[in-house]
Amino acid sequence: MMGVGSSDCTVAIGRPLREEITVSILESSLNCSAGEVVLFSGRMMWRTGCRKLPLSLINSRTNTLIVKQRVLLPGNGVILQYNSRNATKKYYQDCDKQLFGPQGEIVNPVQLPDQRQEVVCRTFINVAPRHRIAIRALYTDLGSESNQTHFNYILVRDVSTMKTMVFHGKQQFFWQSTGSQAEIEFHENVKDHRTSFWAEYHAIEPK
């Protein structure tokens, strides 16, 4: 991330669920007194720094990591090396899904009847930096409107703002994020196999 044309540069790293990312900072020419900085952020960590960066080791604790660099002087920046490995601590449910890429399909996870009823299955969506996410629900059936239990609903979270929206019943919707990451939580009664959800997402290019 040295010699880039813009003052702000963002790199997104993504790996399959069950893995975590480690980043080594091999070299840094950031001018700390001028306010240059690098930020590492993930679902379970947030770290910023400038001084004593070389030989630092960053652990994402999950399968995704975003690196943001802000420089003021041309040519300054950092050189990073990243690797992935099996996660040392389980941060996901077996029914969770990770989606990458500019477009894709979202379906409700199918839990086995013997799974714990309080398990909430999630779908994580990550697109390229500076892009936004649009989700269009094509088919939604989460049970009758008159029988809304706290189990049967879908929660969509905009990760950059942590704002959430809740959808019940047969409510179709079109939703957009403000950043490049979104999460969907499926809260449903495991014993009720009548729930169904199907949606598509696509990345919105920056203006």
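This is a predicted model: local features need pLDDT of at least 70, side-chain atom pairs count only at pLDDT 80 or more; totals for chains, interfaces and linings use all residues.
Strand S9 belongs to an open sheet of 4 strands, in which the order is S9-S16-S11-S14 and the pairing is antiparallel. The edges of this sheet are taken by strand S9 (103-107) and strand S14 (174-176), each of which has a single partner strand, so that one side of each is left without a neighbour in the sheet. From one strand to the next, the twist averages 20 degrees. Within the sheet, strand S11 (residues 132-141) and strand S16 (residues 196-204) run antiparallel and are joined by 9 bridges; aspartate 141, for instance, has serine 196 in S16 as its bridge partner.

An open sheet of 3 strands is also found, with the order S5-S2-S7 and antiparallel pairing. Here strand S5 (57-59) and strand S7 (78-86) stand at the edges, and since each has a single partner strand, one side of each is again left without a neighbour in the sheet. The twist in this sheet averages 20 degrees from one strand to the next. The pairing between strand S2 (residues 19-28) and S5 is antiparallel and extends over 3 bridges, with threonine 22 standing opposite asparagine 59 in S5.

In soluble globular proteins, nonpolar side chains tend to be buried together. In the present model, the largest nonpolar core comprises 20 residues, among which Ile106, Ile125 and Ile135 have the most contacts inside the core. At least two residues of this core are supplied by each of S11, strand S12 (153-158), strand S15 (181-187) and S16. The greatest contribution comes from S16, which gives 4 residues to the core.

Terms used. Residues are numbered from 1 along each chain as its sequence is written. Side-chain values use heavy atoms; hydrogens and water are left out. Two strands pair if DSSP finds at least two bridges between them. Axes are lines fitted to C-alpha atoms, for helices over the stretch in contact, and angles run from 0 to 180 degrees between N-to-C directions. A nonpolar core is a set of buried Ala, Val, Leu, Ile, Met, Phe, Trp, Tyr and Cys residues joined through side-chain atoms within 4.5 Å. Buried means under 20% relative accessible area, exposed over 50%, partly exposed in between (1.4 Å probe, protein chains only).
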